[in-house]
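I opened this structure to look up a few things about its helices. My notes follow in the order I made them.

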Amino acid sequence: MGMFFKLLSNNRFVVAFVAFHIMFAMFLGRLFALAPDEGGYLYTFTYLYGHRYTDPQFYSGWITAPKFFLWVTHLPAKLLVQVGVPDYLALRLLSIALITASLILLINLQRRTSFASNTIEKYIFLFFLIPSVFLWTSVGLREAFIIAEFTLILVGSNYFFASQKTRGLIYIAVGSYGLMSTKNYLWVCLVASVLVVWLNSSIRRSKKQYFGKLFIGLILLPSILFASTTSVYALKFFISSVFHTDVTGTGARSGDSVLQVAIPADEVGGTGSGGTLNSDGSTSSKPAATVITFHGDTTLILLHFYLIDHPKSLFTKVLSATGIKRKLDEIWVTKIKQGLVKKSVAALPDSSSLSGYILKPGSLHEPLSIVRPAFLFLFGPIPLIDQGGLALNVVSFESPLWWLLYVVVGIQFLRYGRRRFAGDQVLIMSMTFFTALVVFSSLVEVNLGTSFRHRSILLVPLLMIFIRSRAKPVSVNN
């Protein structure tokens with residue numbers, strides 16, 4: 001723990017990194033439009049402690065996570081709430097703490113390598129500031145957990161193969177248990193990458209006892225802890241997802257994101273405030289309303305009502321001053337008019353929002369079909385090409401930052417890591433893990449919104465390849 005505080009206090013970049021994250025989290029306030037799922041995770045956090053008759057995990061992605069894991073990991077945020085920090089901000093501060101810990105672990109590892117470099121360190125900082133990574137780790141989603149778990153596992157593997165076995169195994173076991181609890185299919189990808197490392201070591205006739213210890217820390221202990229702390233439902237779900245998942249069937253599910261909104265009579269004319277459709281079919285505001293079905297426009301809808309309900313918030317004032325609010329109002333009016341064209345109030349065809357852009361995933365039955373979705377996952381959306389809407393055009397300008405990351409990592413590997421590859425177990429694990437994530441995503445991602453968000457988890461394996469490519473190889477022969 002002292003390492004974190006020392007590096008934090010002696011590095012102005014880390015201090016600035018934390019400060020910008022916190023300012024952004026506070027600037028958003030209780031706005032979930034940029035990350036609509038955040039409301040579900042806040043619900044989990046709100047009812048996690050002391051509510052016996054409420055299932056806090058029902059409305060979020062934590063539905064199969066062991067409650068023990070959630071109690072422990074969310075305890076710092078709970079303590080912040082007890083001293084007066086708003087619940088949404090406490091949850092975001094937890095995400096910021098996790099992403100900062102990940103950054104510090106990678107920087108500290110880079111500084112310990114035989115080719116430590118300030119340039120490499122600056123690259124690490126730069127890529128942690130990719131806008132989507134910055135956004136997803138400033139709000140209360142799972143991405144910060146996943147990135148932290150990846151970091152623990154890969155950094156721990158580096159220490160393990162460098163003969164710091166106790167420290168390495170602790171990192172690996174904690175990260176592995178966390179990844180099992182957070183997203184089990186990512187854990188399966190991790191295990192697959194470790195099997196490749198084991199196969200490589202077997203071919204090279206390396207010391208096999210190292211992998212017995214790695215098996216205990218990565219698979220056996222986390223599995224025992226997971227099974228002993230999770231519910232029967234979650235355990236069955238995990239076993240089913242590992243041994244009975246139909247990847248092709250998963251990729252065949254609909255990628256459509258549908259939401260019905262009741263538009264009051266005065267707003268149909270272009271002015272006034274809006275309301276939403278209640279579960280019983282009634283409306284929450286005006287008695288006369290027209291129900292319109294939106295596809296993939298959750299962010300637009302949440303922004304529209306937030307700006308109406310919070311006219312004095314800093315967020316609203318900034319959007320008004322920059323002209324963004326006026327543009328959003330224009331888009332909203334256009335959407336409403338499109339919905340009213342059809343007398344049946346049919347669904348709005350939409351490709352303008354991230355979640356409204358439906359992807360066609362690949363299939364294991366046609367291996368070549370994986371190429372296009374994998375390319376879109378890694379490189380899309382392409383800037384300066386009309387993507388069909390404001391949201392897609394805006395986020396497309398982030399893509400070159402990912403391209404730069406791929407180029408920097410690729411050049412580093414070709415210059416220094418290519419010859420070391422067969423003998424560096426961590427480098428093999430990182431590259432195999434990265435490949436498994438890309439292939440799996442190309443098989444299951446069904447809309448650009450989730451694909452765009454999930455791409456952020458590639459950051460850690462890419463940076464580990466970057467760091468390991470120039471460092472002295474860590475091998476089980478050492």
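Before starting, I wrote down one cut-off: a residue counts as buried when its relative accessible area is under 20%. I also noted that this is a predicted model.

Entry 1, one residue. I picked leucine 106, which lies in helix H6. Is leucine 106 buried or exposed? Its relative accessibility is 0%, so I put leucine 106 down as buried. I then looked up its contacts, leaving aside neighbours within four places in sequence. Leucine 106 touches Ile124, Phe128, Thr151, Val155, Leu463, Met464 and Ile467.

I turned to helix H6, residues 87–112, and helix H9, residues 143–161. Their axes come within 9 Å and cross at roughly 25°. Angles under 35 degrees count as roughly parallel, and H6 and H9 are therefore roughly parallel to each other. I recorded the crossing of H6 and H9 as left-handed. On the H6 side, I found Leu94, Leu98, Ile99, Leu105 and Leu106 among the residues in contact. On the H9 side, the residues that meet H6 include Ala144, Phe145, Ile147, Thr151 and Val155. By class, I have 13 nonpolar, five polar and one charged for the contact of H6 with H9.

How many of the residues of H9 are buried? I found 19 of its 19 residues buried. I also checked its length: at 1.5 Å a residue, the 19 residues of H9 should span 27 Å, and the end C-alpha atoms are 27 Å apart, so the two agree. Just after H9, I noted that serine 163 has a positive phi of about 75°.

Helix H5 covers residues 75–82, and its axis comes within 8 Å of that of H6. I read the crossing angle as roughly 145° and the crossing of H5 and H6 as right-handed. Ala77, Leu80 and Val81 in H5 meet Asp87, Ala90, Leu91, Leu93 and Leu94 in H6. I count seven nonpolar, no polar and one charged residues in this contact.

I listed 24 helices and two strands in the protein chain. Of its 478 residues, 50% are buried. Among contacts with a separation of 6 or more, 74% join residues 24 or more positions apart.

Terms used: Residues are numbered from 1 along each chain as its sequence is written. This is a predicted model: local features need pLDDT of at least 70, side-chain atom pairs count only at pLDDT 80 or more; totals for chains, interfaces and linings use all residues. Side-chain values use heavy atoms; hydrogens and water are left out. Axes are lines fitted to C-alpha atoms, for helices over the stretch in contact, and angles run from 0 to 180 degrees between N-to-C directions. Helices (H or I, at least four residues) and strands (E, at least two) are DSSP runs, numbered from the N terminus. Angles under 35 degrees count as roughly parallel, over 145 as roughly antiparallel, 65 to 115 as roughly perpendicular and the rest as oblique. A crossing is left-handed if the near helix is turned anticlockwise from the far one by less than a right angle, and right-handed if clockwise. Contact means heavy atoms within 4.5 Å. Ala, Val, Leu, Ile, Met, Phe, Trp, Tyr, Cys and Pro count as nonpolar, Asp, Glu, Lys and Arg as charged, and the others, Gly among them, as polar. The expected span of a helix is 1.5 Å times one less than its number of residues. Buried means under 20% relative accessible area, exposed over 50%, partly exposed in between (1.4 Å probe, protein chains only).
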